[in-house]
Amino acid sequence: MDIKKILASVRQAVQDKKLTKPVFVLGICGIVLIYLSSLLSSGEGASRQETPVQLQENWSAEEYQHRLEEDLSRIVTAVTGESSPQVMVTLENGGRSLYAADSKGEEERAHVVLENKDGDQRGLELSREQPKVQGAVIVSRAAGDPAVREKLVNAARTALGIPSSRVCVVDGQ
């Protein structure tokens, strides 16, 4: 019953000419505020895009490989209960960097170069892509069991983002 009263009040308010103009003005103000907030947030978004690059850890390929091996070793330990499985991860390349470029037309492009007080120059790195994983080898005492071997292959391929054909699991003594 209350819904009918509410609907009747809304109909009456819509028909009342005195309320129509203020509601219309408030609606326009709301749209303008939403538009302004989107402009301000897009300006903040540009600076936020730079933040992860500045905060991102710059690992060398060797450090990245070592970290992957440690993580995969912990996973193997969790699956098998083995205290010291042997894990090796191979990388396809050393990674890739994206540098800032300045365009002066369609044909002319130059990289942005930074120079420190000693005169050393380097490109302005915008982002760094970690190296791609080529494959993994897991040596585990529990790998003799086909079910455990399958679990290790699935865990490694999922963790490293590679197909199972690039994961080798062997039984170790």
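This report walks through a predicted model, from its overall layout to its core and surface.

## Ground rules

Residues are numbered from 1 along each chain as its sequence is written, and side-chain values use heavy atoms, without hydrogens or water. As this is a predicted model, local features need pLDDT of at least 70 and side-chain atom pairs pLDDT 80 or more, while totals for chains, interfaces and linings use all residues.

## The layout

The chain has four helices and nine strands, taken from DSSP runs (helices: H or I, at least four residues; strands: E, at least two) and numbered from the N terminus. Along the sequence they run α-α-α-β-β-β-β-β-β-β-β-α-β.

## The core

The largest nonpolar core has 20 residues, and L72, V89 and L160 touch the most other members. Such a core is a set of buried Ala, Val, Leu, Ile, Met, Phe, Trp, Tyr and Cys residues joined through side-chain atoms within 4.5 Å. Helices α3 and α4 (146–160) and strands β1 (86–91), β8 (133–140) and β9 (167–171) each supply at least two of its residues.

Beyond its neighbours within four places in sequence, L72 is in contact (heavy atoms within 4.5 Å) with V87, V89, A136, I138, A156 and L160.

E69 sits in helix α3 (residues 61–80). Setting aside residues up to four places away in sequence, E69 touches V87, M88 and V89.

Over in helix α2 (residues 17–55), I31 is exposed, with a relative accessible area of 57%.

How values were computed: Buried < 20%, exposed > 50% of the residue type's maximum accessible area, 1.4 Å probe, protein only.
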